[in-house]
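Here's a quick briefing on one helix and the loops on either side. Have a look at the model first, then read on.

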Amino acid sequence: MEKSKRTFLKSKRSFRRRLPPIQSGDRIDYKNMSLISRFISEQGKILSRRVNRLTLKQQRLITIAIKQARILSLLPFLNNEKQFERTESTTRTPSLRARKR
C-alpha cells in the first residue's frame, strides 16, 4: 500500500477520563490536611505533577501549602520509621592502646 492510500485507523481502546484530584470547592491551604496528605508519598516526599495529575498552578499551591505545614510542624519533614530500628546491637571493642598498657 502506498502512504496516500492508507486509512488511519483509530484505536478501539476506550478510556475512562479520570476526575481531577482537586475539585473546584476544595481550598488549597496548609490547614487542609486531608487534601495535602493525598499529594505526599509514604516517605514524606511531595509527589510530582504527572503523578498527581494537577495543573501547574495547583501544583505550586500544593507545594507551598505542604512546606508551610512542615514548618508549622503539622507534617513531618521525613517519614522514615525504619531509621531508628537496629537489627543487631553492636558492641564496641576496646582500642588497641588500652590493650597494650
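What follows covers the helix, its surroundings and a few loop residues.

This is a predicted model, where local features need pLDDT of at least 70, side-chain atom pairs count only at pLDDT 80 or more, and totals for chains, interfaces and linings use all residues. Residues are numbered from 1 along each chain as its sequence is written, and side-chain values use heavy atoms, with hydrogens and water left out.

**Helix H3**
- H3 has 16 residues and spans 23 Å from first C-alpha to last, close to the expected 22 Å; helices here are DSSP runs (H or I, at least four residues), numbered from the N terminus, and the expected span is 1.5 Å times one less than the number of residues.
- Gln-59, Ile-62, Thr-63, Ala-65, Ile-66, Ala-69 and Arg-70 are the buried residues of H3 (buried is under 20% relative accessible area, exposed over 50%, partly exposed in between, with a 1.4 Å probe and protein chains only).
- They sit on the same side of H3, because they cover an arc of only 165° around the axis, taken from the directions from the helix axis to the C-beta atoms.
- That buried set packs against helix H1 (33-36) and H2, with contact meaning heavy atoms within 4.5 Å.
- Turned away from the buried side, the other face of H3 carries exposed Lys-57, Arg-60 and Ile-71.

**Positive phi in the loops**
- Most residues other than glycine have a negative phi.
- Arg-53 isn't a glycine, yet has a positive phi of about 60°; this residue is in the loop between helix H2 (49-52) and H3, and is partly exposed at 41% relative accessible area.
- Ser-73, also not a glycine, has a positive phi of about 65° and comes just after H3.
- Ser-73 counts as exposed, at 62% relative accessibility.

- Pro-76 is in the loop between helix H3 (56-71) and helix H4 (96-100), partly exposed at 44%.
- Gly-44 is 32 residues from Pro-76 in sequence, but their C-alphas are 7.2 Å apart in space.
- Phe-77 is in the loop between H3 and H4 too, and is exposed at 55% relative accessible area.

Note on methods:
Helices (H or I, at least four residues) and strands (E, at least two) are DSSP runs, numbered from the N terminus.
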